[in-house]
Amino acid sequence: MALLEVMDLSISFTRYRGLFRQQTLEVINGLQLSINPGEVVAVVGSSGSGKSLLAHAIMGILPGNARMTGSLRYNGEPLDAKKLAALRGKELALVPQSVNYLDPLMKVGAQVRSSSTDKAELDAQRKAFARYQLDQKVEQLYPFQLSGGMARRVLLSTATISGAKLIVADEPTPGLHQEVAQETLRRFRELADEGCAILLITHDIESALQIADKVAVFYAGTTVEVASAADFSGSGQQLRHPYSQALWQSLPQNEFKLIPGSQPLPGSLPEGCLFAPRCQQASAECSSLRPAMRDLRAGLVRCIHAS
Ligand SMILES: Nc1ncnc2c1ncn2[C@@H]1O[C@H](COP(=O)(O)OP(=O)(O)OP(=O)(O)O)[C@@H](O)[C@H]1O
Ligand code: NI
């Protein structure tokens, strides 16, 4: 059974334009995703595609003006506000994209540990610090005394020693030295091999592929494809969605082939398939109907032409 299931998730914000006019911005549309224990699922997509909002929806920390529909299930049961409050920071851990999530008034060592007296906790925290090349003295510092990279390593330490069953890591490696970034990925893989589920949000497909089992490709607030990591190879002919193929082929080490146009913005989404305006295979049908996610070759795709 999936540990976490995200079903038909949509998130919108209301924007006021002037005194009386309101506009609803759909930023996540009908998103599907599931993750099993022992799995690393990478979520890749360009900036603004809704990756962080997905992380925040899972953790139950969406901003107050966000409206969410659809459902989340954890261990087969609805993940509601009460359940989230009980699990957050314990079974569910977040490595936030922004380092501003640290408590500015608390020394970092104490923030990483959940208890101030437990010797095992202290050992675990010191081990995590050593793993991420943080000096023991860092324990006694306040967040404002840390560099961005150090703060990120503190956040990683917190999530990886929490004993969580699901870790949602939102862009955990930018700003880290290559060696520490590699160690971070290695540790995620190790935690997954021990039974943890890891949702790795990133726009760096290359490094995600080093450890991921599955990859969910995001475009304009929805998943357009869920593929196995092995499908990202060669010229991408195993991939199902034209956007995933384009994303793969745009990498410098592949063909570096860029596609014209840009991701549509919330508030001006096309009526049909979100990718249709940039898709070479688009037909008239694509511009009028938003395709549903469907099973294809042991993966999922949201395209009527994929075969
Ligand atoms: N509080 C908010 N109010 C209105 N719109 C928001 C809010 N938070 C996020 N958005 C919009 O939702 C969309 C998705 O944002 P999100 O931060 O999830 O993207 P992302 O994929 O994580 O991008 P990045 O790779 O840059 O981190 C963006 O268009 C963003 O402007
Ligand atoms: Ni983000």
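# Close-up views of the chain

**View 1. Helix α1 and its buried residues.**
In α1, the buried residues are Lys51, Leu53, Leu54, Ala55, His56, Ala57, Ile58 and Met59. Buried here means that 20 or more other C-beta atoms lie within 10 Å of the residue's own; 12 or fewer makes a residue exposed, anything in between is partly exposed, and the C-beta atoms are placed from the backbone. Helices (H or I, at least four residues) and strands (E, at least two) are DSSP runs, numbered from the N terminus. With 8 of its 9 residues buried, α1 is largely enclosed by the rest of the structure.

A word on the model before moving on. It is a predicted one, so to speak of local features we ask for pLDDT of at least 70, and side-chain atom pairs count only at pLDDT 80 or more, while totals for chains, interfaces and linings use all residues. Residues are numbered from 1 along each chain as its sequence is written, and chains are lettered from A and ligands numbered from 1 in the order in which they are written.

**View 2. The shell around ligand 1.**
Ligand 1 has 15 residues around it, and the closest are Val27, Ser47, Lys51, Ser52 and Leu53. A residue is near the molecule if its C-beta atom, placed from the backbone, lies within 6 Å of it. Two elements, β2 (21-35) and α1 (51-59), each give two or more residues to this shell. The biggest giver is α1, with 3 residues. By type, the shell splits into 6 nonpolar, 8 polar and 1 charged. For that count, Ala, Val, Leu, Ile, Met, Phe, Trp, Tyr, Cys and Pro are nonpolar, Asp, Glu, Lys and Arg are charged, and the others, Gly among them, are polar.

**View 3. The open sheet with β1 and β2.**
Here 4 strands line up in the order β2-β1-β4-β5 as an open sheet with antiparallel pairing. Its edges are β2 and β5 (77-78), each pairing on one side only. Strands count as paired if DSSP finds at least two bridges between them. Between β1 (residues 4-17) and β4 (residues 66-74) there are 8 bridges, and the two run antiparallel. One pair to look for: Leu4 has Tyr74 of β4 as its bridge partner.

**View 4. Strand β6 next to β7.**
From β6 (residues 92-95), Leu92 and Leu94 point one way and Ala93 and Val95 the other, and all are buried. This time the pairing is parallel, with 4 bridges between β6 and β7. Leu92 has Leu166 of β7 as its bridge partner. In the loop between β7 (166-170) and α6 (178-193) sits Glu171. Glu171 isn't a glycine, yet its phi is positive, about 50°. With 19 other C-beta atoms within 10 Å, Glu171 counts as partly exposed.

**View 5. Inside the largest nonpolar core.**
This core holds 82 residues, and the members that touch the most others are Val43, Ile167, Ala169, Ile198 and Leu200. A nonpolar core is a set of buried Ala, Val, Leu, Ile, Met, Phe, Trp, Tyr and Cys residues joined through C-beta atoms within 7 Å. Zoom in on Leu200: beyond its neighbours within four places in sequence, Leu200 contacts Val40, Ala42, Val43, Ala169, Phe188, Ala208 and Ala212. Contact means that the two C-beta atoms, placed from the backbone, lie within 7 Å.

**View 6**
β9 and β10 make a hairpin with 2 residues between them, and Ala220 in the turn has a positive phi of about 45°. Ala220 counts as buried, with 24 C-beta neighbours inside 10 Å. The two strands pair in the antiparallel sense over 6 bridges, and Val215 stands opposite Ala227 in β10. β10 also runs antiparallel to β12 (residues 299-301), joined by 2 bridges; there, Glu225 stands opposite Val301. Since 6 of the 7 residues of β10 are buried, β10 is largely enclosed by the rest of the structure.

**View 7. Ser228 in strand β10.**
Ser228 belongs to β10 and is partly exposed, with 14 other C-beta atoms within 10 Å. Leaving out residues up to four places away in sequence, Ser228 touches Asp213, Lys214, Ala298 and Gly299. Thr69 is 159 residues from Ser228 in sequence and 27 Å from it in space, C-alpha to C-alpha.
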